[in-house]
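Hi,

Here is the structure I promised to pass on. Have a look at it first, and my notes follow below.

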Amino acid sequence: MTSPSPVGDSPEHDAFHPDLPDHDTPAPLRARLHHIRAGELDADTAQTGGMRRFAAISGSSVGSERIWMGQTHVAPETASSNHHHGASETAIHVVKGHPEFVFLDDSTGTPEEVRLRTSPGDYIFVPPFVPHREENPSPDEEAVVVIARSTQEAIVVNLPELYVLDPNSPSADGN
């Protein structure tokens with residue numbers, strides 16, 4: 001006696017979900033999950049000197065509306081240009097290396113450069129409009145971070161220098 005074969009013998013058919021269509025025509029971007037493989041990241045993104053950004057999740061790649069996610073690579077002994085990410089909140093997860101994140105802090109009344117030294121597994125949060133830069137002081141190891149932003153695309157506003165964000169400015173409170 002042979003056991004019944006699963007519904008549909010083709011490799012495209014999902015025997016665990018026989019009620020799903022056979023995917024002859026792909027579902028709209030926002031009606032399906034997306035798998036972006038490491039080798040499929042998009043390098044056609046906003047760039048800052050000293051860094052290479054690669055998009056994984058974006059409006060153009062998967063139809064996202066409120067999030068952008070990707071990787072940033074910083075070569076050894078390299079610093080990015082000073083920049084901010086507009087109204088976007090940015091979350092950073094350190095994957096490889098020991099990148100440093102630099103910004104100006106004015107909490108004592110005198111602007112002071114602050115350097116956050118990180119290790120793999122650490123997270124950094126960058127509020128909207130806060131000028132900063134990334135540095136990789138390692139002489140031989142590339143730094144790699146995963147970035148998630150609260151906007152659909154990667155916003156990068158390059159700046160000539162770091163400055164303290166005025167807490168009374170509309171951009172400081174997100175308006």
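Let me start with an open sheet of four strands, which run in the order 3-9-6-7 with antiparallel pairing. Strands here are DSSP runs of E with at least two residues, numbered from the N terminus, and two of them pair if DSSP finds at least two bridges between them. Strand 3 (78-79) and strand 7 (112-117) are at the edges with a single partner strand each, so one side of each has no neighbour in the sheet. Six bridges join strand 7 to strand 6 (residues 100-105) in the antiparallel sense; among the paired residues, Asp105 has Glu112 of strand 7 as its bridge partner.

A word on the basis: this is a predicted model, where local features need pLDDT of at least 70 and side-chain atom pairs pLDDT 80 or more, while totals for chains, interfaces and linings use all residues. Residues are numbered from 1 along each chain as its sequence is written, and side-chain values use heavy atoms, without hydrogens and water.

Now to Glu135, a residue of strand 9 (residues 133-136). Glu135 counts as buried because its relative accessibility is 15% (buried means under 20% relative accessible area, with a 1.4 Å probe and protein chains only). Leaving aside residues up to four places away in sequence, Glu135 touches Thr78, Ala79, Pro99, Glu100, Val102 and Arg115 (contact means heavy atoms within 4.5 Å). With Arg115, the Glu135 side chain also makes a side-chain polar contact of 2.3 Å (a pair of N or O atoms within 3.5 Å, one able to donate a hydrogen and the other to accept it).

Best wishes

Definitions and conventions
Buried < 20%, exposed > 50% of the residue type's maximum accessible area, 1.4 Å probe, protein only.
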